Amino acid sequence: MIYGKDIHKAYGTIQVLKGVDVEVGRGEVVSIVGPSGSGKSTLLHILGTLDKPDRGQVTMNDVRIDCLNSRKLAAFRNKNIGFVFQFHHLLPEFSALENVSIPAWIAGRKKKEVEEQAKNLLQILGVAHRLNNKPGELSGESSNVLQLREH
């Protein structure tokens, strides 16, 4: 069981999480979805013990993990949590629009047609406002999956 109450996290002056509550039951499968920059990866990092909230509490398997020191937290993580990281294979020197367009350009399609289709795809994914950003400028260069181990 994972339980988070009033989770807050900021990076500098940017408030990423503003009082998030979450509860995940044993054996339950959940998805955290939202637009780029909405705090999905930040929440997963906190729930996965890779980062601590600025405020709020996180309990996992009846242990308040937000209160553990680094040594106890590492031992808890090792015994209770597994991670699967999925990396997007984007070319760092190209924008999001270019990365989406490259396969069609390689196939010999016309630049204008390809870019219109790529913009539509980025719009569907909710990241059209980031089409000129390079991968390193996009939020969450990797999507994360957190798995709670059964004892």
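Predicted model: local features only at pLDDT ≥ 70, side-chain atom pairs only at ≥ 80, totals over all residues.
Visitor: What is in the chain?
Guide: The chain has 4 helices and 6 strands. From the N terminus, the order is β-β-α-β-β-α-β-α-α-β.

Visitor: How do you describe two packed helices?
Guide: Two packed helices are described by the angle between their axes and the distance between the axes. Take α3, residues 96-106, and α4, residues 111-124. Their angle is about 130°, and their axes lie 9 Å apart.

Visitor: Which residues of α3 meet α4?
Guide: Ala96, Leu97, Val100, Ser101, Ala104 and Trp105 do. Their partners in α4 include Val114, Ala118, Leu121 and Leu122. By class, this contact has 9 nonpolar, 1 polar and 3 charged residues.

Visitor: What makes Asn99 count as buried?
Guide: Asn99 lies in helix α3. Its relative accessibility is 11%. Buried means under 20%, so Asn99 counts as buried. In the chain of 151 residues, 34% count as buried.

Visitor: What does the side chain of Asn99 reach?
Guide: The side chain of Asn99 reaches the backbone nitrogen of Leu91 at 2.7 Å. Leaving out residues up to four places away in sequence, Asn99 touches Leu90, Leu91, Phe94 and Pro135.

Terms used
Residues numbered from 1 in each chain as written. Heavy atoms only, no water. Axes fitted to C-alpha atoms, helices over the stretch in contact; angles between N-to-C directions. Helix = DSSP H or I, 4+ residues; strand = E, 2+ residues; numbered from the N terminus. Contact = heavy atoms within 4.5 Å. Nonpolar A, V, L, I, M, F, W, Y, C, P; charged D, E, K, R; others polar. Buried < 20%, exposed > 50% of the residue type's maximum accessible area, 1.4 Å probe, protein only. Polar contact = N/O pair within 3.5 Å; in protein donor to acceptor, adjacent residues only side chain to side chain.
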